[in-house]
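Have the structure open as you read.

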Amino acid sequence: MKHTAAILICVVLFSCTQTNEVVERVSFSAENLHPLGNGYYQLWVTFYQFNRPAGNDALQHEGEYISVGSFTVTSEGELRAVDGGPLAFRLPDGANTQLLKDAVISVQTENTEQPQSILMGGAFRGDAVSATANFDIAYADAFGTTFAAAGGVCTIVAPTSPSDSNSGVWFVHLGSPPTAGLSNLPVLRRGWHYEGWVLQPTTGGGYRAYSTGKFLRADSADFDGAGPFAGNVGTAYNFPGQDFVRGTVIPNLLNSGFVFRVSIEPSPDNSPEPFSLTLLQSDPVGATPTRVQTLRNVIASSAPKARLVIQR
C-alpha cells in the first residue's frame, strides 16, 4: 500500500550573519517515507564556499554533509522529531543560506558525523529569495540510478534437499549450468545491500516475511549461502536464495498466495522486516502454480520523494 508522509512545516533556522541572528522559514514535504523499525531519518546539507587564490574568486564545494536535523515517521504518516516533539531543522552557526548546494536524507541507526545510508537527495535551485531541493533516489550522492532496468525471476527449488523441492526459493535460471535469475542490478553505494524475501499470506490480508539472505551481486551467493534452514543432501547454488527444509514453519511455497520480493536495505540494517524500498516483486502464487516466478520491477511505486524549500 502506498504510504505518504507529507507535512508543511515552518521551522526556525538559526544562522549567524553580520546582522546577528536571522530567522528563516522552511517548507518540507515527503512521499513514501515509512516508519522505521529502528533508527531514524536525518537531513543533511552542503554549502559552496568562496576562496580567493591569487586574488580571484573561485567557487568550491565543502565536500562534507552537515546535519540540520533528525526525524521519524509515525504510523499515521506524520513527521516528528526523534524525541517525539515538533519537527525542527537547524543550520550551524555561520551558515549562509545563499551558498546552499545540495541536501540528502539518510537512514541512520546511530549518530555519525556523516550520513550512513543515503536514501535520496537533490540539488538546490533558486534565487536570492528562496532555494528549492527536489529529492529522489537517483540523485548522485544517493543511488545514482532509477533501477528501471532491473528485473528477473526466482525459482522454487531446494538444492540442499531435492526431496523437499517445494521448500526453497532461489534467484536463478535452472540449466546446465544454472545462471543468474536477476539482471541489471546496479552496484549499490556504501550503506546499502539487496535482500530477498518470501512473503507468506496471513489471516487478515497481511504477510509474514522470511528473509532469503542479503547480497550485493546477482551472480554469486548471498551472505548466508543456503541459509540456516538448509538441508544436508545436495549443494547450494552459487546465487542468492535459501532453502527452508529444517526447523521452519514455512509450508509448500507453491501454495496459493505466496509472494517473492527483492528489496534494497540499509546497511547496517535497521529492522528484521523488509525495508520499504521494494525493487522487484512477484504476483501471488496462483491456483495453478509454476516453479518459475516472474519478478516485476516496482521501484517506481515504492521509491520516496521529498521537497525542501528554504526562504533565504
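N32 sits in the loop between β2 (20-31) and β3 (40-51); strands here are DSSP runs of E, at least two residues long, and helices are runs of H or I of at least four, numbered from the N terminus. N32 isn't a glycine, yet its phi is positive, at about 65 degrees. It's also buried, with a relative accessible area of 4% (buried means under 20%, exposed over 50%, partly exposed in between, with a 1.4 Å probe and protein chains only).

F147 is another non-glycine with a positive phi, near 65 degrees. Look for F147 in the loop between β9 (130-135) and β10 (151-156), where it counts as buried at 2% relative accessibility.

## What you're looking at

A word on ground rules: this is a predicted model, with local features needing pLDDT of at least 70 and side-chain atom pairs counting only at pLDDT 80 or more, while totals for chains, interfaces and linings use all residues. Residues are numbered from 1 along each chain as its sequence is written, and side-chain values use heavy atoms, leaving out hydrogens and water.

The protein has one helix and 21 strands. Of its 312 residues, 48% count as buried.

## Strands near the end of the list

β18 (residues 259-266) pairs with β19 (residues 278-281) in the antiparallel sense, over three bridges; pairing takes at least two DSSP bridges between the strands. β19 also pairs with β20 (residues 292-297), again antiparallel, over two bridges.

Follow Q281 to see the link: Q281 in β19 is the bridge partner of R261, and in β20 the bridge partner of Q281 is R296.

## Two cis prolines

S267 and P268 are joined by a cis peptide bond, with omega about 10 degrees. P268 belongs to the loop between β18 and β19.

Another cis bond joins S176 and P177, with omega about 0 degrees. P177 is in the loop between β12 (172-173) and β13 (179-180).

## An exposed glutamate

Is E113 buried or exposed? E113 is exposed, with a relative accessible area of 73%, and it lies in the loop between β7 (100-108) and β8 (117-126). Leaving aside neighbours within four places in sequence, E113 is in contact (heavy atoms within 4.5 Å) with W44 and Y65. The C-alpha atoms of E113 and E64 are separated by 9.3 Å, though the two residues are 49 apart along the chain.
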